[in-house]
Amino acid sequence: MSLAINGGTPVRTKGFAKWPVFDELEQDFLLRALKSGKWGGVGGTWNGEEPFIPRFEREFAALQDSQYGVSCVNGTVAITVALQALGIKPGDEVIVPPFTFIATATAALAFGAIPVFADIEEDTLLIDPVEVEAAITPKTKAIIAVHVAGAPANMTRLLEIARKHNLALIEDAAQAVGARWEGKGVGAIGDMGTFSFQSSKNLNAGEGGIVLTNSETLWTTAWSICNVGRIPNGGWYQHEMLGQNYRITDIQAALLLAQMTRLEAQMKQREANVALLNRLLSGINGISLLKLDPRITRHANHVYVFKLAPDLAQRVNKEEFIRRVAAEGIPVFYGYVPLNRTNAVLNATKDWLGEERVYECPVCERLCNSEVLMLSQSVLLSEEQAMYDIAEALDKVIRSYGS
Ligand SMILES: *Cc1c(COP(=O)(O)O)cnc(C)c1O
């Protein structure tokens, strides 16, 4: 079979699922927010009715088994708010994985806290607790676990390490709405958890974020940071600490509440498609699937991540491989570049510290350069046939490299 990139017939010409998904329900919720005339999120009621923001905060916190939620403008700010609520100061070190969206590191750098990279586990791509312990210095104040692609990191071990060394533990759960570790909702296991509702995430309002916690004190502090230093039930011009205006609008909360009603069905569809893809791809020589810790009791399946097997990866240029698969009608993407090699992070670190920092994360660097590939999130909401097409295209392209 000749490759589509060489003029052959592509495996798939049909597109993938449309994203976002919405109908009259979103329209109805948005109209209610519109007609209330109370678009801002500064509290109060609409003629005795509860506005959407407090309801969303309560229902989303409950979804993840958390007691308190503070909504905010995006998932990046949510991480900054969590770090600051936990007392992290400029110059403090925060241990993060290099295999994540840049915001995990820049949320610390935004106010002068320094991200320190702990390499990832080869077979899960999640932060390696052994590397976390090795990265602890007298300046370390926090660990950020990232539940990459919706797979919870090893929270049991990370919590033990955090307690032993008296460090704060934050969960960056931007990709993990609905995920569970040992039966417990992510974002509610560490001291604070953060989520993003940016348009590519599994639950979206275009933009948005939330910080979760089970501590009333941390909730109050996070609330103040997001509300220009006001305190809950305090005066309008009573400012007790440094804060910013990080509030979302009731219009966003209306959209999020409507989208939340679709979440369970979408999660089930993602699960079914992932199970099928896992079965199909495990039969292809040249592909390695990620390992799943059995303590992951629910995976959010935000994006589908897989690897080229090491022997194939050695012979293949990852970018050329992606072009061949794309020509077959399958949008595979390159995925993250290691944050410990990202100029924005290195330059900002140097600016704050006055000296350069070098981090070696050999596992992450090798996997990113040659092995890791991803399928974007809406692909997992497509029809079953799409999974067969993905597997067929990958098999076809892998065969084109010979054995
Ligand atoms: C998307 C994302 C963020 C940032 O969220 P925004 O809402 O885009 O600011 C942070 N961390 C991870 C892991 C993400 O995927």
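View 1. In the side chain of S196, an N or O atom lies 2.6 Å from an oxygen atom of the ligand, which meets the criterion for a polar contact (a pair of N or O atoms within 3.5 Å). For T76 the corresponding distance from a side-chain N or O atom to a ligand oxygen is 2.4 Å, and for K201 it is 3.2 Å. The ligand taken alone exposes 380 Å², of which the protein buries 93%, with accessible areas computed by the Shrake-Rupley method and a 1.4 Å probe. This is a predicted model, in which local features need pLDDT of at least 70 and side-chain atom pairs count only at pLDDT 80 or more, whereas totals for chains, interfaces and linings use all residues. Residues are numbered from 1 along each chain as its sequence is written, and side-chain values use heavy atoms, with hydrogens and water left out.

**View 2. The shell around the ligand.** The ligand is surrounded by 14 residues, the closest being G75, T76, D172, S196 and K201, where a residue counts if one of its heavy atoms lies within 4 Å. By class, this shell comprises four nonpolar, eight polar and two charged residues.

View 3. The disulfide count is zero, a disulfide being a pair of cysteine sulfur atoms within 2.5 Å.

Conventions: Polar contact = N/O pair within 3.5 Å; in protein donor to acceptor, adjacent residues only side chain to side chain. Nonpolar A, V, L, I, M, F, W, Y, C, P; charged D, E, K, R; others polar.
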